[in-house]
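Dear colleague,

I am passing on the structure below, followed by some notes on what was found in it. Please read them alongside the coordinates and let me have your thoughts.

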Amino acid sequence: MAKLTVFFKYKAIDSYLFEDGIIHIGRDETNNVTIDSLAVAPAHAAIIIRDNVSTIKQLNENFPLIINGQKIKECTLNDNDTITIGKHDIVYSTTESVTQSEESFENTIVYGKESLDHHFDGEMHLPPASLQVMNGQNIGKVLSLKKAMTRLGSNGNGVVVIAKRKDGYYVSTLENTGTIAVNNTLIENNYIKLNHNDMLTINNVSLQFFLN
C-alpha cells in the first residue's frame, strides 16, 4: 500500500492511501490527488501501482515533474522519495516503512529529501542542529537534522516533521496522536520554531533539540 503526503511550505496538508491501480495527480478535481494551484497542470502526473512497484509518469511537458531534485519523465518510486509539483512536495512511502515498532524509537526515524522550493536557498546559513534522545532504550543517541525535512515518530503514536527554513528549524504534526509537545506545550495544529535546548516530546519519547 502506498502513502502520499502532500506538503505546502513544509506543512503537511493532505495524506492519501492507495493499494494498486493508477493514481492521477493534478489541478483538476477529477484527479485522485487534487492540488489547487496554477503551478500544477490539470493532469500533471500519474502513479501506476502494480505488484508492489510504483512508477510515476509526467503527463504534461509544460509542467515539470521533479523527483528528489531531478527533472524526470518517468521513474520507479522508492520509499521516502519526494515528488515536487509546482510549489508542493509529495512524500511517497509504503505502509511498511511508516508503521514501525514501538519498542525502538531509533527505527522510526525517516529522513525526507531536499526540496527545490526557493525557500531553501538560505538553509546553508543555518547552524547544524541535532536531537538527543533523553529516555528509553536509545537514551543518549544523537540524531543529526541534515535534510530539508525530517520525519520522526510512528503511525498510531504520533508523527512530526521538522523542516529547515531560512530562519531556523520548525516542527509541526503530521499525525497528532498521543502526546506531541515542545517544552510541555502541545503542538496540536501549530508550527513551532525550535530553540536551543528545547525539549520535544513524541508520545513517551523525549528529545532535546540543540544547535551544534
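Ser130 stands opposite Ser144 in strand 14, where strands are DSSP runs (E, at least two residues; helices are H or I, at least four) numbered from the N terminus. This is a predicted model, in which local features need pLDDT of at least 70 and side-chain atom pairs count only at pLDDT 80 or more, while totals for chains, interfaces and linings use all residues. Residues are numbered from 1 along each chain as its sequence is written, and side-chain values use heavy atoms, with hydrogens and water left out.

Strand 13 (residues 129-133) and strand 14 run antiparallel and are joined by 3 bridges, pairing being assigned if DSSP finds at least two bridges between two strands. They belong to an open, antiparallel sheet of 6 strands in the order 14-13-22-21-18-19. Because strand 14 (142-144) and strand 19 (185-186) each have a single partner strand, one side of each is left without a neighbour in the sheet.

Another open sheet of 6 strands, with antiparallel pairing, has the order 2-1-11-10-7-8, and its edge strands are strand 2 (11-18) and strand 8 (70-71), each pairing on one side only. Strand 1 (residues 2-8) runs antiparallel to strand 2, with 7 bridges between them, and Leu4 stands opposite Tyr16 in strand 2.

Tyr16 and Phe18 are both buried (under 20% relative accessible area, 1.4 Å probe, protein chains only; exposed is over 50%, partly exposed in between).

Best regards
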